[in-house]
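Hello,

Here is the model we discussed handing over. Please load it first, then read the notes below.

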Amino acid sequence: MRDGVQAMAAWVQEAKGEDLGEGLIQIRESGIDPLEAAFAGGVRRFDKSGEYKADGALSVTDWLKWKCKLSGGAAAERVQIGRQLEELPQTEAAFAHGDLGYQHVALIAQTADHVGAAAVRKEEPRLLQAARSMDAGQFVGVAKNFEHRIDAQGALDEANRAHARRYLHLSEPQDGLVRIDGLLDAEGGATLRSALQPFMKPIKDDPRTYGQRQHDALMELCRQGGGQPGGAGGKRDSAGPRPQLIIRASLDTLAGIPGAPAGELDGGGTVPAATVQRYACDTAIIRMTGRGELEHELSHATRTIPPSTRRALEARDQHCVFEGCDRRRSWCDGHHLVWWIKGGPTTLPNLALLCRPHHRMVHEEGWTLERRDGRFKAIPPPRRVRPSSRST
Ligand SMILES: [Zn+2]
Ligand SMILES: [Zn+2]
């Protein structure tokens, strides 16, 4: 093997132009990917045999970290691929032939881990076809959509776990610079991206790098949206400045029908049905781009809160109606107690002001908001028992 690799390395060093490009493709298709397939199959057998214990390792993942110099995440991914591909022979064969890239296979294995290999096997030809024709980033959308159709609750749990990891950190200035780092949830990322977009246009003979333009766009956005939310600017509606977020969703997703696909964020990524429903709840902030029947349906639904109703709602509620929350009205969405798709009207008795975090708790985290004798009551979600492991 070493000889083969050395010969290839020597050849690549000499190759130019088209030949070099073809060589790089061959390294992946005929070398790295089939070897990764062989590696995953070997790891599976080594895992089952328990041989790794002979070296004193506690698990095959530990053994891989130690002996094969992999990070914990990289080791666990290979173990997962090995285990899941045993149940997915078509994927395993395509991987071994170099038809599928490593990252695509890792995604399929992760999907099988989430929803069970049996469910993936039923859909395997379609998934493989998508994997062959898409780059790994696009294929994430297909895999997540599939997971959502099989197990909407699991997809929602995953989105909630991801949401819990969100943070944004601004450092103290150092040498004239402030470091910003963080993790945005999928919806936050898409909101920020779409908000920056209008400010990203390069000027004539722009010397700025992409990163510098993105920085300047963020500053521009903050300046224009700054000050009083909903205040200066005049053009903003009373609900405050809200970058428009475009979500593509089917009617089934909107209605929360089991088996419905996830919502697709414009610019990449998916969100669970519950998030689509929250955005559709106060459509001042969203444009739903539907497919077929949905477009028709939406154009006939009276779902936007008319300005007069919004003003009356703000006058009645003043701030978020969640107990103990006083986030002001300009930060709030107009939540429908009985959602419009279920026949709830867009009229004052059926509406409530909810700030964004509380609105999220109602739609995504199972809280219920009720109105009794003119007072709002938020009821926590019933405790849900989830199976500790999802076997195939
Ligand atoms: Zn709502
Ligand atoms: Zn609130």
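**Metal sites and cysteines**

The structure holds 0 disulfides, a disulfide being a pair of cysteine sulfur atoms within 2.5 Å. This is a predicted model, where local features need pLDDT of at least 70, side-chain atom pairs count only at pLDDT 80 or more, and totals for chains, interfaces and linings use all residues. Residues are numbered from 1 along each chain as its sequence is written, chains are lettered from A and ligands numbered from 1 in the order in which they are written, and side-chain values use heavy atoms, with hydrogens and water left out.

Zinc ion (ligand 1): the protein donors are Cys281 (SG), His335 (ND1), His359 (NE2) and His363 (NE2), at 1.9 to 2.3 Å. Donors are N, O and S atoms within 2.8 Å of the metal (3.2 Å for Na, K and Ca); water is not among the atoms, so sites may look incomplete. The site is tetrahedral, with angles of 100 to 115° among its 4 donor atoms. The sequence spacing is C-x53-H-x23-H-x3-H. His335 and His359 are both buried (under 20% relative accessible area; exposed is over 50%, partly exposed in between; 1.4 Å probe, protein chains only).

Zinc ion (ligand 2): Cys320 (SG), Cys325 (SG), Cys355 (SG) and His358 (ND1) coordinate it at 2.0 to 2.3 Å. This site is tetrahedral, with angles of 101 to 115°. Its donors are spaced C-x4-C-x29-C-x2-H. Cys320 is buried at 0% relative accessibility. Cys355 is buried at 0%, and His358 at 14%. Cys222 is partly exposed, at 45%.

Best regards

Technical notes. Four donors count as tetrahedral if all angles lie between 85 and 135 degrees; four count as square planar and six as octahedral if opposite donors are over 155 degrees apart and all others between 65 and 115; anything else is irregular.
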